[in-house]
Amino acid sequence: MCWSAQADLVVGGVVSGIGVLCLLRARRAGRPERLPLAALPLVLGAHQLIEAAVWLGTEGDLPAGPAGWARTAWAVIALPLLPVLVPVGVRCAARDRARRRLLLAFVLLGLLVAVPLAVAVATRPVTATAHGHTLGYAVGIPHPALLLTGYLVATVGSLLLSGDRLLRRLGLLTGAGAVLCALLWRLAFVSTWCALAALASLLLLHWTGRPTRDRTPGAR
């Protein structure tokens, strides 16, 4: 797997376009409750486009000011935004009241994780270093192992317990991606996991326009 500014531009453009289609399909299907999660591919596509600018900064092809803004924007999406957006989107889309009560715990966990991550991004410099064909980011996050665990439980866990077949599949793919990235790209874990999550989120294109069938906790 090779990542570069050019690769991020291609992936980001494709995923962003599909994200727009996800929002249009959810709206046309009369499913406004799916809009928050339908926006995920657009957010992740924009994230990859921002990372293309980060690449240019590490290669000296972008002035220091814009490169710093790109790193900060990348970190805002990757760190405090995703652990809130994903469980909130999954909960909004849940049709069963008991399921929504269960998913509220993941929303609260995401918020608990997002607060210290947001403080770190706001108060500490974001750096990016190229490691071969990946980028490693550093923010100086306190208790990184604990926050990473909460981050993954809030995002992947909410998808796995969504009660929706396609969302569970997305959870499995992103969970497997997290394991793969941790094993292969430890120094660039967040960057590579976000890229794989962007590709996996293409499942949402089908989900946004699909009639709801999973109305009960045991539905398949």
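User: How many nonpolar, polar and charged residues does the lining of the largest pocket have?
Analyst: The model is predicted, so local features need pLDDT of at least 70 and side-chain atom pairs count only at pLDDT 80 or more, while totals for chains, interfaces and linings use all residues. Residues are numbered from 1 along each chain as its sequence is written, and side-chain values use heavy atoms, with hydrogens and water left out. Ala, Val, Leu, Ile, Met, Phe, Trp, Tyr, Cys and Pro count as nonpolar, Asp, Glu, Lys and Arg as charged, and the others, Gly among them, as polar. By this division the lining has 22 nonpolar, three polar and one charged residues.

User: Which residues lie nearest the centre of the largest pocket?
Analyst: A pocket is an open set of points on a 1 Å grid over the protein atoms alone, where a 1.4 Å probe fits, with protein on both sides within 12 Å along at least five of seven lines; a cavity is a set from which the probe cannot get out, and lining residues have an atom within 4 Å of a point. The largest pocket has a volume of about 500 Å³, a volume being the space filled by probe spheres set on points joined across faces, edges and corners. Of its 26 lining residues, those nearest the centre are Leu79, Ile141, Leu148, Phe189 and Val190.

User: Which element gives the most to the lining of the largest pocket?
Analyst: Helices (H or I, at least four residues) and strands (E, at least two) are DSSP runs numbered from the N terminus. At least two lining residues come from each of α4 (64-93), α5 (97-123), β2 (134-138), α6 (144-160) and α8 (189-200). The most, five residues, come from α6.

User: What is the volume of the second largest cavity?
Analyst: The structure holds three cavities of 30 Å³ or more. Residues lining the second largest cavity include Leu40, Leu170, Trp193 and Ser201, and its lining has nine nonpolar, three polar and no charged residues. Helix α6 gives the most to this lining, with three residues. The space within the second largest cavity is about 120 Å³.

User: Which residues have the most contacts inside the largest nonpolar core?
Analyst: A nonpolar core is a set of buried Ala, Val, Leu, Ile, Met, Phe, Trp, Tyr and Cys residues joined through side-chain atoms within 4.5 Å; buried means under 20% relative accessible area, exposed over 50% and partly exposed in between (1.4 Å probe, protein chains only). The largest such core has 57 residues, and those with the most contacts inside it are Leu40, Trp193 and Leu204.

User: Which residues are linked in a network of salt bridges?
Analyst: A salt bridge is a side-chain nitrogen of Lys or Arg within 4 Å of a carboxyl oxygen of Asp or Glu. Arginine 31, buried at 12% relative accessible area, meets glutamate 33 at 2.6 Å, N to O. Arginine 95, partly exposed at 39%, also bridges to glutamate 33, with the closest N and O atoms 3.5 Å apart. The network therefore links Arg31, Glu33 and Arg95.

User: Which residues does leucine 23 contact, leaving aside its neighbours within four places in sequence?
Analyst: Leucine 23 is found in helix α1 and is partly exposed, at 24% relative accessibility. Its C-alpha atom is separated by 6.2 Å from that of alanine 39, 16 residues apart along the chain. With contact meaning heavy atoms within 4.5 Å, the partners of leucine 23 are Leu35, Ala38, Ala39 and Leu42.
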